[in-house]
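User: I have a model open and would like to go through it piece by piece. Can you take my questions as they come?

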Amino acid sequence: MKGKEAAFNTLGKKNYSSTIIHPYNPKAGVFGKVTNEIYKKYYLSQIKSSFLDFDKTNFGKVATDLYLEAHKAFKKNDKTELMKLFTYPNYELLKLCQRIKKEPPFALWPYVDSAKIVHASINAEQGDSIDINNFAQITLMMLCRDTENSQKLQYNVFERRLDIKKKNEWKIALIEDY
């Protein structure tokens, strides 16, 4: 168990999260906010052209449903569901947390009151004729609640590979508590 404990203790947000290419900065100044808004609109239109099932007006609900499913799967220790809902680094971290009976370095709350898209980006790196790192990322500001109705603010990144065309095949790439 000591090796697993040591592995857990060395994990930080940079180690467990997927690569967030252009992270959202909620504390950006006016220029940063305007720039983010322009890029967000551009990337959301690109995401819409890549995924015919994508609807930015409905994405908050899609992401909320995914988040709540992840909460339930974590509470039930359902590794199969967790693998479907989280990117690989997050899945491995959650597996380790459950194995050594530790809380993950982020919270999964049982209720979500609102979810608003605040950032979007696309990473399209070309490799040896294989588009292996092509994915879209959407950051949502989510207002969550615990069982005592205490509100919690999170910025959560949802990711979808550009080469996977299955309907709503989004995964949780990062959960940040604020």
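**Helix, core and rings**

User: Which residues of helix 4 are buried?
Analyst: Phe59, Gly60, Ala63, Thr64, Leu66, Tyr67, Ala70, His71, Ala73 and Phe74 are buried in helix 4. Buried means under 20% relative accessible area, exposed over 50% and partly exposed in between, with a 1.4 Å probe and protein chains only. Helices are DSSP runs of H or I with at least four residues, strands are runs of E with at least two, and both are numbered from the N terminus.

User: What should I know about the source?
Analyst: This is a predicted model, in which local features need pLDDT of at least 70 and side-chain atom pairs count only at pLDDT 80 or more, while totals for chains, interfaces and linings use all residues. Residues are numbered from 1 along each chain as its sequence is written, and side-chain values use heavy atoms, with hydrogens and water left out.

User: Back to helix 4. What is its span from first to last C-alpha?
Analyst: Helix 4 covers residues 59-76, 18 residues, and reaches 26 Å, close to the 26 Å expected at 1.5 Å a residue. The expected span is 1.5 Å times one less than the number of residues. Asn77 follows helix 4 and has a positive phi, near 60°.

User: How many residues are in the largest nonpolar core?
Analyst: It has 37 residues, and those with the most contacts inside it are Ile47, Phe59, Phe86, Ile138, Phe158 and Trp170. Such a core is a set of buried Ala, Val, Leu, Ile, Met, Phe, Trp, Tyr and Cys residues joined through side-chain atoms within 4.5 Å.

User: Which element gives the most to this core?
Analyst: Helix 4, with seven residues.

User: And what is Ile47 in contact with, leaving aside neighbours within four places in sequence?
Analyst: Ile47 is in contact with Phe54, Ala120, Ser121, Ile122, Ala136, Gln137, Ile138 and Trp170. Contact means heavy atoms within 4.5 Å.

User: Now rings. How many aromatic pairs?
Analyst: The count is ten aromatic pairs. Rings of Phe, Tyr and Trp (its six-membered ring) pair if their centres lie within 6.5 Å; planes under 30 degrees apart are stacked, over 60 edge-to-face and the rest tilted.

User: Why is the Tyr42 and Tyr43 pair edge-to-face?
Analyst: Because the planes of Tyr42 and Tyr43 are at 65°, with the ring centres 5.2 Å apart. Tyr42 is partly exposed at 45% relative accessible area, whereas Tyr43 is buried at 16%.

User: What about Phe54 and Trp170?
Analyst: Phe54 and Trp170 form a tilted pair, 6.2 Å centre to centre with 50° between the planes. The two are 116 residues apart: Phe54 is in the loop between helix 3 and helix 4, Trp170 in the loop between strand 3 (151-161) and strand 4. Phe54 is buried at 3% relative accessible area, and Trp170 is buried at 3%.

User: Which residues form the aromatic cluster?
Analyst: Phe51, Phe54, Phe59, Phe158 and Trp170 form one cluster. Arg160 lies over the face of Phe51, 3.9 Å from the ring centre. That requires NZ of Lys or CZ of Arg within 6 Å of the ring centre and within 35 degrees of the ring normal.

User: Switching to loops. Where is Lys101, and is it buried or exposed?
Analyst: Lys101 is in the loop between helix 6 and strand 1 and is exposed, with a relative accessible area of 73%. Lys101 is not a glycine, yet has a positive phi of about 60°.
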